[in-house]
Amino acid sequence: MSSTRLSSLMHGIIGETHNIDPKELACTVLRCLPAVLLGTLLNILDGVSYGMIIFPASGVFAGLGGMGVSMFFVSTVVAQLVYCLGGSSFMGANGSMMIEVVPFFHILASTIARDIGDSYPKEIIATTIAAFALSSVLTGLSFFLLGYLRLGVLIGFFPRHILVGCIGGVGVFLILTGLTVSTRLPSDALDPPTLETLRYFIFNSHALAQWIPPLVLAVFLRFITMRWKHQLVFPVYFMIVPVVFYVVVAAARLDLGALRRDGWLFDMAEGTGGGEDKWYGFYSYLDLGLIRFTPLWTTLPIQFALHVLFFNILHPPLNVPALSVSLDVDIDTNKELLGHGYSNLLAGFLGTVPNYLVYVNTLLFYRVGGGTRIASLLLAVATFILLVIGTGPIAYIPVMVVSALILVLGIDLVKEALWDTRHRVSRMEYITIVSIMVTMTAWDFVIGVLFGIVVSCFFFVVQNSQRRSIRACYTGESAISTVRRPVAHRAYIREVSKQTRVLRLQGFLFFGTIAHVEETLRNIVEDATWQRNPVRFVVVDLSLVVGVDMSAAEAFVRVQRLLDAKGVVLVFCGVTADSLCGKALSSVGILQEPSVEVFETLNDAMEWTENAYLRAWFRSQKSWTTPITLPGRRDTSLSFDDALTGSPRQMQLRDVGERTIAGENSSEPYNTLLNAFSSYRDVDQNTFKQIAPYFERFTFPDGFVLWENNDTPDGLYIIESGILRASYKFAEHSPIIEESMVSGTLAGELSALSGMPRNARVVVEQQAVLWKLSLENMRRLEAEHPHLAQIFVQLVLKAAKVDTDILLAALATR
């Protein structure tokens, strides 16, 4: 490494950009000593607690606790160096072995031992160490890929209650591990707990004396921390426990050898280095010639399921943002994942176990002044010194200290899973958490995770099937289209639209939610309902539906056949052929049926049904003077009977038509004025005759822009024939609202009367004949016939109010 690069690295560690000041360096070291001592003590506690149990305590793995501690410290030193040299944005980051993988290391070790056989202990140990190193490499690769692909934030959205259930399952395992460690039983003695084992724990006096003290110590520590929150309570407490233990031993003059044989002290850590008690002794077991690759290959599913999939999702993507909030530090989660990738790859190549940034240790480290790179580097140095000293002193550590540490963490995790979530999750989520914990305890971790995913999927289906997919259900009279029609036509449509049913759906339609929709549609054509309210159209609005599965699409096919048998047309709207819903419906062939129509919007669908009703009336009267179908939108080929007689639906159309439309007059311009105003007030025919001379007749071709938004008004118009199309833009973020105006309706009336700018863009959609009352003629009418002008203004305002109310009502149903 060049001197320039070394100087740059030292500048980054100390946080300086100029020459290193020895005095300032000494002051920085002194300030961070308390944090370094605390971090070292925490590493000792974790190393003794979890390093001792990396390997199972029985079979060929008996006596390898010291080797596990060495592997723990090697992984911790690697993580600490990577983080302090720039792998983490937390300047005081604390790295450590990923202690939660201990239960799964036991699964790996047991699987390998079973596949190879107890007759080959060296091969079993070599293959197991290789499996541990492989898990580090796989973990590092997955962390690195998550960071490189910038998926750190997205992974945080993994179902939280499944993770909580897994946390609780790990907590139960740690509690059981604490009990087996305290009684010096094999690690799988409580995997799962049997009646015979439980009797041993309850009725054996020696076992009671071994596991009750550490449990009392763990519970007592939790009561202490509930009252005193100081960060030194935890380490001081576990420094006092061994002191008290040896005071009692000295006072009672107990023999350490006898205590070790009775399980109160750990056995001498022999065999760590093949007879040499050195920190690097575990490498003597890592002989490539002894590794069995077939058993190693069989562990890959467990490796991917446990380390690569689960714990990469569980820890850094969740802990890093939480630590950022606690320390008020802005960090990039993806950068932290890259740092985790490098540290685990390096640990795997060095033949040791996975590691990660420890939330609790880092938080405590910061709180006692360790928020600098130099403090993090000193912690790495101190941890390396512990590694070099060796594992011999472990033989003098009371078993109850380690058991109490394991029980504390286990109780915390179970409390986090069961107690802390009791009011924060739904009942079904809580059942999922408990079921995962029970399954993990009774079988193993993988089955617990898979069971939790299956249960979550089941509850998801149950919960969503209870949610109604029907947002609203009403008749067509409540969803009149935004087409301005003559008053008589509008009255006719409002009544006959009772034969239209509108069903607005929402959410995702799948087999759990479509049953209620199908039942509702079937009820429409039931005999009892049909006699009271016969139906011509069923409009299904899918604009708020995000997807349709095959079961739901096939349900629509069944309903369509039932509706078609009754002569009911099924109309889909809010869907296009290339949308997700459209593709799902097309896949079952329903959109190709002759009695099925499809429109992009509900307004288009309602406009089409209204045109069908109007066309049915005019066909029956052999009258084609009034255009019904709007250009640019689909014509209706639907054929009602020419004589509207026979069925209840046809009789209703005939009766309503005779009461509303049949009285229209064919003369002009009287008919246009009559269509526009006759229903608002009983007006003498002479009134319209006196007003008529003030109107001017204009003919406009297709596409002619009558006026633009914000134009100055030049008068109001009454449509004799043709169609106008108005486009409203009420706000920048709102969609354009379109309104059609047909013969017998007004256009531009409010802006003409108020003198305010136009509020829409109006285009001639079909060649139109318009009668215009200019502003000049309006003023002349007011001067020459003030009473007549007053009556006319009242009629215009009434028509404008009705049109506005219908427009607002139509928009409210969208």
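**Before starting**

This is a predicted model, in which local features need pLDDT of at least 70, side-chain atom pairs count only at pLDDT 80 or more, and totals for chains, interfaces and linings use all residues. Residues are numbered from 1 along each chain as its sequence is written, and side-chain values use heavy atoms, with hydrogens and water left out.

**Stop 1: the nonpolar cores**

Select Phe55, Phe61, Met67 and Phe132, the residues with the most contacts inside the largest nonpolar core, which has 60 residues. A nonpolar core is a set of buried Ala, Val, Leu, Ile, Met, Phe, Trp, Tyr and Cys residues joined through side-chain atoms within 4.5 Å. Buried means under 20% relative accessible area, exposed over 50%, and partly exposed in between (1.4 Å probe, protein chains only). Next, colour the helices that give two or more residues to this core, among them H2 (22–51), H3 (65–87), H4 (102–116) and H5 (121–148). Helices (H or I, at least four residues) and strands (E, at least two) are DSSP runs, numbered from the N terminus. Helix H5 supplies the largest share of this core, nine residues. Then select Leu509, Phe556, Leu563 and Cys581, which belong to a second, separate core of 33 residues.

**Stop 2: a patch on the surface**

Select Val236, Ile240, Val244 and Val248, which form a nonpolar surface patch with about 320 Å² of accessible area together. Patches are made of residues with over 30% relative accessible area and no salt bridge; like charges are joined within 9 Å, and nonpolar side chains (Val, Leu, Ile, Met, Phe, Trp, Tyr) within 5 Å. Accessible areas come from the Shrake-Rupley method with a 1.4 Å probe, and for residues only the protein chains shown count as cover.

**Stop 3: polar contacts**

A polar contact is a pair of N or O atoms within 3.5 Å; within protein, one must be able to donate a hydrogen and the other to accept it, and residues adjacent in sequence count only if both atoms are side-chain atoms.

- Select His106 in helix H4. His106 is buried, at 7% relative accessible area, and a polar atom of its side chain lies 2.6 Å from the backbone oxygen of Ile53.
- Select Tyr492 in helix H21 (residues 487–496). Tyr492 is buried, with a relative accessible area of 0%, and the backbone oxygen of Tyr613 lies 2.8 Å from a polar atom of its side chain. Tyr492 and Leu614 are 122 residues apart in sequence, yet 8.2 Å apart in space, C-alpha to C-alpha.
- Select Gln560 in helix H24 (residues 550–565). Gln560 is buried, at 4%, and its side chain is joined to that of Ser595 by a polar contact of 2.7 Å.

**Stop 4: salt bridges**

How many salt bridges does a search of the whole structure find? The search returns 18. A salt bridge is a side-chain nitrogen of Lys or Arg within 4 Å of a carboxyl oxygen of Asp or Glu.

Select Asp332 and Arg150, whose closest N and O atoms are 3.6 Å apart. Asp332 lies in the loop between helix H14 (316–327) and helix H15 (333–349), and Arg150 in the loop between H5 and helix H6 (152–155), so the pair ties together parts 182 residues apart in sequence. Asp332 is partly exposed, at 30%, whereas Arg150 is exposed, at 52%.

Move to Arg504 and Asp541, which meet in a salt bridge at 2.9 Å, N to O. Arg504 is in strand E5 (residues 500–509) and Asp541 in strand E6 (residues 537–548); both residues are buried. Finally, select Arg484, Glu739, Glu749 and Asp803, which salt bridges with shared partners join into one network.

**Stop 5: the cysteines**

A search of the whole structure finds zero disulfides, a disulfide being a pair of cysteine sulfur atoms within 2.5 Å. Select Cys473, which is partly exposed at 44%, and then Cys573, which is buried at 0%.
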